[in-house]
Amino acid sequence: CPANVILDEYSSAELDEQIDSSRFFYVARTSKRDRNEGLEGSNFHPTVKPTTLMRYLVKLVTPPGGIVLDPFTGSGSTGKAAILEGFDFIGIELTEEYLPIIESRLAHAEKTVIADKDKIKEALF
């Protein structure tokens, strides 16, 4: 199987039965929780990417201290991932109706990072 293949859960399990190789493949799926996290309503964007997948890709291609640029921000999945991974983010989106989704998801990611830092501080002191 080529190294650039991403498998779903079923395919990964099938491959594991043949050879124990699923640890080499990233399995992604967007949950409702992930899709709507930080939103008051429902995320109506048609192509929401899983945060875990985008975090993986952001870390893969962004050097330490780098800035992530997404010229087609859509629902903000790349920006959310960049923030959660500690990168600066620049997003560009032409479709104005997606802006509230993007803003809410990015704000939620920022709150998550702050909350995680506070938990670490509490554990240390």
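Predicted model: local features only at pLDDT ≥ 70, side-chain atom pairs only at ≥ 80, totals over all residues.

The questions and answers below go from the fold to the helices, the charged pairs and the surface.

Student: What percentage of the residues in the protein is buried?

Tutor: The accessible surface of the protein comes to about 8,600 Å², and carbon and sulfur atoms hold 56% of that surface. Buried, in this context, means under 20% relative accessible area. Of the 125 residues in the protein, the buried share is 34%.

Student: Which elements give two or more residues to the largest nonpolar core?

Tutor: The largest nonpolar core has 16 residues, and those with the most contacts inside it are Val58, Val68, Ala82, Phe87, Phe89 and Leu106. The elements that contribute two or more residues to this core are α3, α4 and α5.

Student: Which residues does phenylalanine 87 touch, leaving aside those up to four places away in sequence?

Tutor: Phenylalanine 87 is one of the residues with the most contacts inside the largest nonpolar core. Leaving aside residues up to four places away in sequence, the partners of phenylalanine 87 are Val58, Lys59, Thr62, Pro63, Pro64, Gly65, Gly66, Val68 and Ala82.

Student: Why is α4 described as largely enclosed by the rest of the structure, and which elements do its buried residues pack against?

Tutor: Helix α4 is largely enclosed because 8 of its 8 residues are buried. These residues are Ser77, Thr78, Gly79, Lys80, Ala81, Ala82, Ile83 and Leu84, and α4 is followed by glycine 86, whose phi is positive, near 85 degrees. The elements against which the buried residues of α4 pack are α2, α3, β1, β2 and α5.

Student: How far is the backbone oxygen of lysine 49 from a polar atom of the side chain of serine 77?

Tutor: Serine 77 lies in helix α4, which spans residues 77–84, and the residue is buried, with a relative accessible area of 3%. Apart from residues up to four places away in sequence, serine 77 touches Val48, Lys49, Met54 and Arg105. Between the backbone oxygen of lysine 49 and a polar atom of the serine 77 side chain, the distance is 3.2 Å.

Student: How far apart are the closest N and O atoms of lysine 80 and glutamate 37?

Tutor: Lysine 80 and glutamate 37 are both buried, and they form a salt bridge. The pair links distant parts of the chain, since lysine 80 is in helix α4 and glutamate 37 is in the loop between α2 and α3, 43 residues apart. The closest N and O atoms of the two residues are separated by 2.8 Å.

Student: Which residue forms a salt bridge with arginine 55?

Tutor: The structure holds 5 salt bridges, and the one at arginine 55 has its closest N and O atoms 2.5 Å apart.

Student: What accessible area do Tyr56, Leu57, Leu60 and Val61 have together?

Tutor: Valine 61 lies in helix α3, residues 51–61, and with a relative accessible area of 64% this valine is exposed. Tyr56, Leu57, Leu60 and Val61 form a nonpolar patch on the surface. Together, the four residues have an accessible area of about 390 Å².

How values were computed:
Residues numbered from 1 in each chain as written. Heavy atoms only, no water. Patch = residues over 30% accessible without salt bridge, like charges linked within 9 Å, V, L, I, M, F, W, Y side chains within 5 Å. Areas by Shrake-Rupley, 256 points an atom, 1.4 Å probe, with all protein chains shown as cover. Salt bridge = Lys/Arg side-chain N within 4 Å of Asp/Glu carboxyl O. Helix = DSSP H or I, 4+ residues; strand = E, 2+ residues; numbered from the N terminus. Buried < 20%, exposed > 50% of the residue type's maximum accessible area, 1.4 Å probe, protein only. Polar contact = N/O pair within 3.5 Å; in protein donor to acceptor, adjacent residues only side chain to side chain. Contact = heavy atoms within 4.5 Å. Core = buried A, V, L, I, M, F, W, Y, C linked by side-chain atoms within 4.5 Å.
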